[in-house]
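Dear colleague,

Please find below the structure that I am handing over to you. My notes on what was found in it follow directly after.

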Amino acid sequence: MAEDREDDVEPEDAISQATIRGPSSQANGSIYSSYAVEEMKQLSHESVTPQNSYQIKPSFQDIFKEVPVKTIIRNVQFNTLEGKSYDADIAKKWTIQMANEINEKVKDIEMKRYRHIVQVVIGERKGQGVKSGVRCIWDSEIDTCCSEIFMNDTIFCVVTVFAVFLY
C-alpha cells in the first residue's frame, strides 16, 4: 500500500496537498503558481477581516427602563387587590395571576437582551412587621431590580422585578 502513494503523503495531509496541486500535478508533480495560491487565499476566510460585533454592555437607549416597569406593577397590584380582603386560598391564585400579568406586560416593553424575573409576595396584615432580603450575584452596573408595595386593610403585597442583562 505504501508503494501506491505518490510522495508518501499522510492521509490527513493528502487533503491539503490536493487543494494546492492542480489536476495535472499528479502527472508531473507541479504546484499552482504563486498567483493561483494568492487568488485562493483571497477567496478563503483569511481574506475577510473580522468585525467586532460582540456587545458587552447595553447602549444607553437599551438599559432597563425602571419607570414603565414600576407603573405596570402599580397598575396590576391595584387592579387585582383593591377592595379585596385577605384569603389564604385565593392569595395563591392572586400571586400567580399577578406574576404572569406583570411578566407579559414587561415583555411588551421589549428591552433588548434583558431577562427578567417577577416575584410576588402576598400576606395578611395583622399589625406585624415583615423583613425580607434578597441576594443576587450579578453585574451591579447593568443588572437591576425594582419593586412596589401595595397595602390595604387586610393585605400587603410586595412585587419585585429583577432585570438581568444577557451577555
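I begin with the cysteines. The sulfur of C145 lies 7.0 Å from the closest cysteine sulfur, that of C136, which is too far for a bond. A disulfide is a covalent bond between the sulfur atoms of two cysteines. Here it is counted when two cysteine sulfur atoms are within 2.5 Å, and a search of the whole structure finds zero of them. C145 is partly exposed at 33% relative accessibility, and C136 is partly exposed at 41%. In these terms, buried means under 20% relative accessible area, exposed means over 50%, and partly exposed is in between (1.4 Å probe, protein chains only).

Please note that this is a predicted model, in which local features need pLDDT of at least 70 and side-chain atom pairs count only at pLDDT 80 or more, while totals for chains, interfaces and linings use all residues. Residues are numbered from 1 along each chain as its sequence is written, and side-chain values use heavy atoms, with hydrogens and water left out.

Helices (H or I, at least four residues) and strands (E, at least two) are DSSP runs, numbered from the N terminus. Helix α5 has 21 residues and reaches 31 Å from its first C-alpha to its last, close to the 30 Å expected at 1.5 Å a residue; the expected span is 1.5 Å times one less than the number of residues. Its buried residues are A91, W94, T95, M98, A99, I102 and V106. Seen down the axis of α5, these fall within an arc of 130°, so they line one face of the helix; the arc is that of the directions from the helix axis to the C-beta atoms. They pack against α4, β1 (114-124) and β3 (155-165). On the other side of α5, D89, K92, K93 and D108 are exposed.

S85 sits in the loop between α4 (66-81) and α5 (88-108). Not counting residues up to four places away in sequence, S85 touches W94, T154 and I155, where contact means heavy atoms within 4.5 Å.

Which strand holds E148? E148 is found in β2 (residues 144-151), and it is buried at 13% relative accessibility. The side chains of E148 and R74 are joined by a polar contact of 3.2 Å. Such a contact is a pair of N or O atoms within 3.5 Å; within protein, one must be able to donate a hydrogen and the other to accept it, and residues adjacent in sequence count only if both atoms are side-chain atoms.
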